[in-house]
Amino acid sequence: MKMTKENFIHEFKKRLGERYALDVKDAAPIELYQTLVAVVKSGYSDIWRKTWKSYVKNDQKQVYYFSIEFLPGRLLKSNLLNMGWYDVVEAGLKDMGLDLDQISETEVDMALGNGGLGRLASCFMDSLASEGLPGNGNGIRYKYGLFKQKFVDGYQIELPNEWLTDGNNWSVARTSKAVDVLMGGQVHLHDNGKYYEVTYEGADLIKAVPYDTGIVGYHNDHVNTMRLWDAQIPASEEINYPTIEDRRRVEDLTSVLYPDDSNYEGRILRLKQEYFFTSAGIQSIIRHYKKYDRPLTEISDHIAIHINDTHPAMCVAEFMRILLDEEHLDWDVAWKQTVQTMSYTNHTIMAEALEKWPVDMLATVQPRILQIIEEIDRRYVEELTGKKDEDFIERTRIIKDGMVKMAHLAIIGSHSTNGVAKLHTELLENDVLHDFYELYPERFNNKTNGIAIRRWLQVANPTLSKTIDQTIGTKWRFDSKELHQLAKYDDDQALLEKIGAAKRFNKVRLAKVIKEQTGIEVSPDALFDVQIKRLHAYKRQLLNLLHIVKLYLDLKEDPNSQQVPRVFIFGAKAAPSYHYAKSIIKCINEVANLVNNDPTIEGKLKVVFLENYGVSLAEKIIPAADVSEQISTATKEASGTSNMKLMLNGALTVATLDGANIEIKDYVGDDNIFIFGLTKDEVLAYETNHQYRAADYYENDPVLHRILDAFVDGTIPNIEVEGHEIYDSLLRANDEYFVLRDFAGYVATQERVSQTYLDQAKWNKMCLLNIANAGYFSADDTVEKYATDIWQIKPNVEVQKGAIDDVY
Ligand code: T68
């Protein structure tokens with residue numbers, strides 16, 4: 001993918017003329033953006049085709065990553081970077097009087113996910129391509145992405161996110177590859193002596209149309225595919241959908257992304273979505289496989305299917321359905337292939353997020369799939385009878401009390417189950433999924449999450465990236481473990497100052513964004529303390545808020561009580577139905593109002609809650625963060641990934657021993673992270689012995705007493721209802737997430753943070769060591785481990801790492 005500046009300018013002007021009949025100076029930002037996308041796409045389309053062909057030619061085993069969410073964010077800059085065009089294009093645009101940053105802002109984020117799970121899927125897509133691994137994404141092309149968040153009077157308001165209004169310029173509709181998905185109706189089986197003939201009566205026929213997006217690998221002439229499915233009415237079926245409501249029923253299938261993080265509400269549409277993209281994906285995989293005349297009894301040697309969380313767990317049953325009903329394989333043969341093909345990742349131990357569906361609902365959505373799940377369950381019970389006690393069988397079977405347990409289906413129907421951080425996997429093995437671990441120890445493994453280092457450093461933080469390049473060269477871009485070379489320079493004062501200067505530059509940039517979006521002025525000299533993630537009780541934004549209220553009250557009492565000015569920055573969406581989380585948002589906003597408008601503390605404390613947190617906003621916040629808040633109740637956060645992105649950008653972590661925080665601590669060492677709070681064992685002990693009494697902390701700690709009172713006595717205005725709700729959740733409902741228990745430790749730790757910040761040389765050194773160790777959390781390495789241990793896939797033989805250099 002070579003490109004020179006001159007060629008780029010020529011190509012750009014030509015396309016702008018052809019497409020819009022415009023000169024550069026007359027074109028609107030959207031026209032410039034669309035033209036640029038067209039140039040970029042034409043730059044990789046040939047390679048995209050060749051990549052696919054080479055998989056076929058070399059008969060390479062491929063993985064299909066099924067995920068109900070993908071969060072790619074903007075693609076323009078990351079594609080330019082991966083193609084090796086970034087500098088050329090930036091310079092070419094500049095010559096034409098244009099600005100890449102500005103044009104890039106025109107792109108609407110592809111926000112087809114809620115949080116960590118969806119972003120992880122996208123980081124994996126980038127890394128699979130960059131490692132030259134044959135990996136395809138399979139998901140849903142929601143018409144409305146994750147809702148747009150606004151604050152009105154401090155309350156979260158959800159607006160529709162119509163990201164497709166101007167079309168999506170990166171994807172290609174492949175109508176010729178559409179498949180039919182059957183849903184609902186009734187199913188009839190007829191035993192013809194050899195197999196069951198299956199007929200459906202009154203089922204809806206839905207056309208699943210794939211939209212493919214090229215996923216460009218980093219400098220390796222390799223482009224993979226993310227395939228997202230759209231539901232449409234088949235031409236042949238128009239007659240069966242006579243009214244607008246009928247049509248809408250079909251189209252609605254892929255309309256909305258369910259904005260439920262861990263709070264899950266069973267909804268039939270959601271279940272239909274799950275079946276829809278699972279069936280469409282599996283059908284297209286098998287159809288493709290069959291083109292090459294290979295026996296289906298070997299399919300697991302050629303393809304791997306990954307079930308990202310339980311949402312695509314019906315893959316197991318759908319794969320069986322096709323092998324049995326359409327290919328007429330025997331059950332045992334089909335089952336062996338299914339188990340060897342499937343693998344599953346668990347992302348949570350929160351009970352409410354472990355999917356269970358009523359049998360009746362499944363019968364309505366796809367009766368044949370229910371039959372197959374019932375048969376899998378029956379055989380599972382039969383096989384274990386006599387070998388395991390009845391209790392064990394009842395606990396682990398798939399269907400129990402009229403409910404289908406999707407995690408059980410995924411574990412029983414696959415050869416691998418993994419957690420996403422060491423502690424999380426340990427909890428799965430020893431606690432949450434212990435029975436299964438006992439039954440299938442060889443199936444369990446850990447794969448600690450990783451992040452797309454290049455996006456989160458090169459794209460998001462060019463200033464720091466350049467400093468790193470100047471110090472250790474550019475090898476880290478291919479192998480981020482090379483970042484560890486930086487550790488050698490931990491006494492290099494000039495470098496430490498440069499790192500400090502890069503941070504300051506990014507803080508100035510963020511301060512501008514804050515001013516534009518909120519009108520609030522913040523000083524880049526203050527410490528930027530950042531908590532960015534979904535709003536959830538277990539993530540404990542509330543603990544952070546209690547600390548802020550403490551600082552405020554302290555300042556009111558003694559204006560000289562605080563030495564280090566801080567700006568607290570939040571970014572978080574709450575699921576629309578998650579009332580408590582929304583109350584916390586309201587309280588944070590009201591505390592922000594109080595603090596920011598109090599002239600007596602001007603310059604000492606600011607609180608900023610930025611609206612509509614997402615990938616693009618994260619790219620602006622993360623490089624500017626001094627402190628990274630990773631303060632979930634131990635055992636609750638499976639891994640976390642913002643913890644990795646923030647350390648990579650030189651933020652210091654304030655953390656509980658939860659999720660991947662533990663591994664971060666192990667890499668950076670105790671001196672370079674701020675750890676506090678209950679440990680896993682302490683939390684588990686409280687949860688079993690029920691000896692926790694939150695009220696004790698309120699009664700015995702006058703500081704905490706005063707802070708909690710502020711929520712109900714009018715000190716914080718405008719939160720009559722929400723303040724009481726939070727107060728009650730802590731005191732009456734006994735504080736499910738041990739906020740009060742961890743408060744004192746948190747405050748003491750934050751005091752240490754402030755003290756350390758006063759010594760800028762020491763602080764910068766700690767930042768450097770965090771950056772140096774963040775390379776161990778690369779998604780490149782994580783997907784390599786999945787590839788070797790789980791999927792058994794190999795890089796494309798035609799791929800060469802570092803095949804292209806930036807030409808400019
Ligand atoms: C997150 N899970 C974990 N779930 O919370 C986080 N859930 O610790 C981890 O780092 C990340 O996954 C990646 O492994 C989620 O993001 C969801 O978004 C979700 C969506 C629907 C239903 C349940």
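Tutor: Start with a term: two residues are in contact, or touch, if their C-beta atoms, placed from the backbone, lie within 7 Å. By that rule alanine 772 touches Leu483, His484, Leu486 and Ala487, not counting residues up to four places away in sequence. Before going on, note that this is a predicted model: local features need pLDDT of at least 70, side-chain atom pairs count only at pLDDT 80 or more, and totals for chains, interfaces and linings use all residues. Residues are numbered from 1 along each chain as its sequence is written.

Student: Ok, and where is alanine 772 found?

Tutor: Alanine 772 is in helix 31, residues 760-774. Helices (H or I, at least four residues) and strands (E, at least two) are DSSP runs, numbered from the N terminus.

Student: Is alanine 772 buried or exposed?

Tutor: Alanine 772 counts as buried because 28 other C-beta atoms lie within 10 Å. The cut-offs are these: a residue is buried if 20 or more other C-beta atoms lie within 10 Å of its own, exposed if 12 or fewer, and partly exposed in between, with C-beta atoms placed from the backbone.

Student: Zooming out, how many helices and strands does the protein chain have?

Tutor: The protein chain has 32 helices and 25 strands. Buried residues make up 50% of its 808 residues.

Student: Which domains does the assignment give?

Tutor: Domain 1 (58-74 + 109-163 + 170-257 + 266-347 + 410-439) and domain 2 (454-678 + 738-776). Domain bounds come from an automatic or database domain assignment. The C-alpha centres of the two domains lie 35 Å apart.

Student: How many residues of each are in contact?

Tutor: 29 residues of domain 1 are in contact with 26 residues of domain 2. On the domain 1 side, elements giving two or more residues include strand 2 (70-73), helix 6 (116-130) and helix 16 (422-432).

Student: Which residues touch the most others in the largest nonpolar core?

Tutor: Phe276, Cys315, Val316, Ile373, Val591 and Val608, out of 230 residues in that core. A nonpolar core is a set of buried Ala, Val, Leu, Ile, Met, Phe, Trp, Tyr and Cys residues joined through C-beta atoms within 7 Å. This core draws at least three residues from each of domain 1 and domain 2. As for cysteine 315, the residues it touches include Phe66, Thr278 and Met342, leaving aside those up to four places away in sequence.

Student: Phe66 again, then. Which strand is phenylalanine 66 part of, and what covers it?

Tutor: Phenylalanine 66 is in strand 1, where Gln62, Tyr64 and Phe66 on one side and Val63 and Tyr65 on the other are all buried. Strand 1 covers residues 62-66.

Student: What does strand 1 run parallel to?

Tutor: Strand 1 runs parallel to strand 13 (residues 303-308), with 5 bridges joining them, and also parallel to strand 4 (residues 135-140), with 4 bridges. Two strands pair if DSSP finds at least two bridges between them. Glutamine 62 stands opposite isoleucine 303 in strand 13, and phenylalanine 66 stands opposite asparagine 138 in strand 4.

Student: Different topic. What is the order of the 6 strands in the open sheet?

Tutor: The order is 22-21-20-23-24-25, and the pairing is parallel. The edge strands are strand 22 (605-610) and strand 25 (674-675), each pairing on one side only. Helix 22 (residues 579-596) packs on this sheet, touching strand 21 and strand 22, and its direction makes about 140° with that of strand 22. Axes are lines fitted to C-alpha atoms, for helices over the stretch in contact, and angles run from 0 to 180 degrees between N-to-C directions.

Student: And the sheet of 3 strands, what is its pairing?

Tutor: That open sheet has antiparallel pairing in the order 15-17-16. Strand 15 (356-358) and strand 16 (399-400) have a single partner strand each, so one side of each is left without a neighbour in the sheet.

Student: What lies in the loop between strand 16 and strand 17?

Tutor: Aspartate 401 is in that loop. Aspartate 401 has a positive phi of about 50° although it is not a glycine. Aspartate 401 is exposed, with 9 other C-beta atoms within 10 Å.
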